Each structure stands twice: as structure tokens, then as C-alpha cells.
Amino acid sequence: MNASTAATTIDPREAAHFGALARDWWDPKGSSAMLHRLNPVRLGYLRAAIDRHWGLDAQARRPLTGRTALDVGCGAGLLCEPLARLGARVTGIDAAPENIAAARLHAGAQGLEIAYRAGSVDAVSGARFDLVTSLEVVEHVSDPAAFVNGLAAALAPDGLMILSTPNRTALSRLAMITIGEGTGRIPPGTHDWDKFLTPDELKALVEGAGLAVIDMAGLSFSPARGFVVSDDMRMDYFITAVRA
């Protein structure tokens, strides 16, 4: 689930950890169950940002028709497949070959044409994409600044980049590690709290890569509604950016 601008920013331990989960990535009750629960909320945020950026019809079924999308740290394709169904020509990159194999198998069974590549974002060096996404990934790379620079380099002039990542707070430690990993809801060893980035830290990296941040929003948990987009960025958050 981890990719980077160069092989040196891929953490082999992280790649091995997520590669070992490839077999049941698409099982909504398996080791990636939490990602399945997060996905509808993440897709809702992406769709709203996409519609707003390009002035698209919110009711259109395939608003990304004619546009390209790159998902870095794609895992087995939980985000790539919905983007393809929205009409995009999708490329997915992941550091774990096992994830790419699982992604190709699943996409093929769904009749979806998605270009999957194992490695880091330099696998598409020189290419530019209208939409660049990397959700819950930057906290797993060895060099976040180089990673963000690589994402920015892949963004087309009128493109949109969307990232999400856990915040480095007491709440994120409690929710994701103490409770999440401690109870097995998240595979143990998934997170290193010290590698989490605060919104200010990630915003600085994005701006340092030549982009302008146009939106930040929290991804939080409501006992009544489950995961929601909100103003509360203490646990997890999104950053949306364009070329400055």
C-alpha cells in the first residue's frame, strides 16, 4: 500500500506487511475491513471535490470520462475500481507485487480495464494525470517529502490531487493503534504513530512541491453515523491541492 518517487522511499517492511494481506484485500470482513468501511466516505469526498474542481454534474454517472487518474499505493484496487466506473482511465501503483496481482485478478473479473504496476510513482515518470490520489499511504513511506514531490510531478496542469492520512494526535493513537490494532480490527503492525503527519506538516510538504492547498477536511467517527467527513481532523484528514 506504499509507493514513492524512487525505490529508496519505499519501506520494504511496509511493502511486505501489506503484501501479506493481499489474499483477502477484497473481503469486507477480512484484514482490510476497515478500508471497506472507509471507502464510501472517501469516495463521497473525492466525488464532491472532482465535481467542484471541473464544474461537473453531480448527478452524472461517469463524470471522469475522458480524464486520467493515478492512485499511488493502490493496494488491491479498492479506489481504482470505483474511479474506473466513474469513467476515468485509471493507473494504479503499489509497492507490493502481491497487491498488484490481486488487483489485476479482481479488476479482470469485474470487466474493468485498469493499468496496474508494481513499484513506485517513477514507474509513470513523465506521464501526467488529471486526478492523482494517495489515501492512507504517506504515513508508510520512508521519505514523505520525496513522495509528495513525486505525486506533484505526476499532476497535470489543470489536475487535482487528493491525499488522506492519520493525524499525529492522542486520539489517532488510541483509535488506530490501541483499539484498532489491539483488538485486531486493524492488522497489528499496520501503523507507526511516530510517522503520522499533522495537517500543518503535510500542507507544508504539498506547498513545498509547488502545489496550492484548496481544501482540508477531517475524516472522523460518529457513533450515530459511522465514518463521516467533518471539521474534526484529530483522527484522520484529507488534503486537496492543485498546481500553484
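My terms here: buried is under 20% relative accessible area, exposed is over 50%, partly exposed lies in between (1.4 Å probe, protein chains only).

The model is predicted, so I note its limits: local features need pLDDT of at least 70, side-chain atom pairs count only at pLDDT 80 or more, and totals for chains, interfaces and linings use all residues. Residues are numbered from 1 along each chain as its sequence is written, and side-chain values use heavy atoms, with hydrogens and water left out.

**Entry: salt bridges**

I counted a salt bridge wherever a side-chain nitrogen of Lys or Arg lies within 4 Å of a carboxyl oxygen of Asp or Glu. The structure has 6 of them.

R234 pairs with D232, with 3.0 Å between the closest N and O atoms. I looked up D232 too: it is partly exposed, at 26% relative accessibility.

Next I took E14 and K195, whose side chains form a salt bridge at 3.6 Å, N to O. This pair links distant parts of the chain, 181 residues apart: E14 sits in helix α1 (residues 12-19), K195 in the loop between α6 and α7 (199-208). I took helices (H or I, at least four residues) and strands (E, at least two) as DSSP runs, numbered from the N terminus. Is E14 buried or exposed? E14 is buried, at 9% relative accessibility. K195 is partly exposed, at 22%.

Then I checked E207 and K203, which meet at 2.7 Å, N to O. They lie 4 residues apart in helix α7, so about one helical turn separates them. E207 is partly exposed at 39%, and K203 is partly exposed at 27%.

**Entry: largest pocket**

I used a 1 Å grid over the protein atoms alone; a pocket is an open set of points with protein on both sides within 12 Å along at least five of seven lines, and lining residues have an atom within 4 Å of a point. The largest pocket holds about 660 Å³ of space. I found 32 lining residues, and M34, A175, M176, I186 and F227 are the closest to the centre. Volume here is the space filled by probe spheres set on the points, which are joined across faces, edges and corners.

Which element gives the largest share of the lining? α6 does, with 6 residues. α2 (33-54), α6 (170-181) and β6 (211-222) each supply at least two.

I sorted the lining into 19 nonpolar, 7 polar and 6 charged residues. Nonpolar covers Ala, Val, Leu, Ile, Met, Phe, Trp, Tyr, Cys and Pro; charged covers Asp, Glu, Lys and Arg; the others, Gly among them, are polar.

Note on methods:
1 Å grid on protein atoms, 1.4 Å probe; cavity = no way out; pocket = protein on both sides within 12 Å on 5 of 7 lines; lining within 4 Å.
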